[in-house]
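Trainee: I am new to this one. Can we walk through it together, step by step?

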Amino acid sequence: MGLIGQFESQILEREEFAGAISFSALSSDETVLVEMPPYTIDEYLFCHRFQTDQLLTVQGSLVVVCLQNRQYHYIPMSDLIPQVLKIPPRIPHLAANLSSQPCRVINAIIRHGKFHPKDYQTIAKPFPLDLDRIQKLFQELKLNKEELYG
């Protein structure tokens, strides 16, 4: 088995043209819009073998949890921050939306081979999530939103 890639978060480049603000596009093989209901935490992890997920939050907030080196990494995402989270193959991950609003995320999928049904099978969490940490990250996202919009 080859080395497992590292997930990465990057801020999209901002461009202004004719009074509009745009952000760099994501190249992909397939693009889907996912809606996560309020007060939801995925029960299982996803671990794709033949695809890279590129996640961009377009409405609301969520925390993506990636499992790497037997450790959970908690990545807060919000429609206020134009960032893309790239999750390469074989990185187990899930999402949590602890806000009172639904969250919409664009996933610009990069395929590394033909579609495979195992890419969408779930796996059990090997140990419990740090729910206090997820809650704290949501509080920080909420405070940032209140600072911007009052």
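Mentor: Start with a term. Two strands pair if DSSP finds at least two bridges between them. Keep in mind that this is a predicted model.

Trainee: Which residue in S10 is the bridge partner of Gln54?

Mentor: Look at S7 and S10. They run antiparallel, and three bridges join them. At least two bridges are needed for a pair. Within S10, the bridge partner of Gln54 is Lys86.

Trainee: How many bridges link S1 and S10?

Mentor: Take the bridge partners in S10. Gln10 has Val84 as its partner. Ile11 has Gln83. S1 pairs with S10, residues 83-87, in the antiparallel sense, and the number of bridges is four.

Trainee: What is the order of the strands in the open sheet?

Mentor: Strands of a sheet pair through backbone hydrogen bonds, either parallel or antiparallel. Here the pairing is antiparallel, and the sheet has five strands. The order is S1-S10-S7-S12-S4.

Trainee: Which are the edge strands?

Mentor: An edge strand pairs on one side only. One is S1, residues 8-11, and the other covers residues 30-36. So read the ends of the order S1-S10-S7-S12-S4, taking pairing as at least two bridges. The edge strands are S1 and S4.

Trainee: By how many degrees are neighbouring strands of this sheet turned against each other?

Mentor: Direction is ignored here. The value is an average over neighbouring strands of the sheet. It is 25 degrees.

Trainee: How many residues of S10 are buried?

Mentor: Buried means under 20% relative accessible area. S10 has five residues and is mostly covered. The number buried is four.

Trainee: Is Thr57 buried or exposed?

Mentor: Thr57 is found in strand S7. Leaving out residues up to four places away in sequence, Thr57 touches Leu62, Met77, Ser78, Asp79, Cys103, Arg104 and Val105. Its relative accessible area is 4%, so Thr57 is buried.

Trainee: How far apart in space are Leu45 and Leu67?

Mentor: Leu45 is found in strand S6. At 0% relative accessibility, it counts as buried. Leu67 is one of the residues that Leu45 touches, along with Pro92 and Ile123, among others. In sequence Leu45 and Leu67 are 22 residues apart; in space, C-alpha to C-alpha, they are 8.7 Å apart.

Trainee: Which side chain is joined to that of His48 by a polar contact of 3.1 Å?

Mentor: His48 lies in the loop between strand S6 (45-46) and strand S7 (51-59). At 5% relative accessibility, it counts as buried. Beyond its neighbours within four places in sequence, His48 is in contact with residues including Pro89, His93 and Tyr120. The polar contact of 3.1 Å joins the side chain of His48 to that of Asp53.

Trainee: What kind of aromatic pair do Tyr72 and Tyr74 form?

Mentor: The structure holds two aromatic pairs. In this one the centres are 6.3 Å apart, with 65 degrees between the planes. Planes over 60 degrees apart count as edge-to-face. So the pair of Tyr72 and Tyr74 is edge-to-face.

Trainee: Why is the pair of Tyr72 and Phe127 tilted?

Mentor: Tyr72 sits in strand S9 (residues 71-78), and Phe127 in the loop between strand S13 (122-123) and helix H1 (131-149), 55 residues apart. Their ring centres are 4.6 Å apart. The pair is tilted because the planes stand at 50 degrees.

Trainee: Is Phe127 buried or partly exposed?

Mentor: Ring pairs link Tyr72, Tyr74 and Phe127 into a cluster. Tyr72 counts as buried, at 7% relative accessibility. Phe127 has 23%, so it counts as partly exposed.

Note on methods
Residues numbered from 1 in each chain as written. Predicted model: local features only at pLDDT ≥ 70, side-chain atom pairs only at ≥ 80, totals over all residues. Heavy atoms only, no water. Axes fitted to C-alpha atoms, helices over the stretch in contact; angles between N-to-C directions. Phe/Tyr/Trp six-rings, centres within 6.5 Å; stacked < 30°, edge-to-face > 60°. Buried < 20%, exposed > 50% of the residue type's maximum accessible area, 1.4 Å probe, protein only. Polar contact = N/O pair within 3.5 Å; in protein donor to acceptor, adjacent residues only side chain to side chain. Contact = heavy atoms within 4.5 Å.
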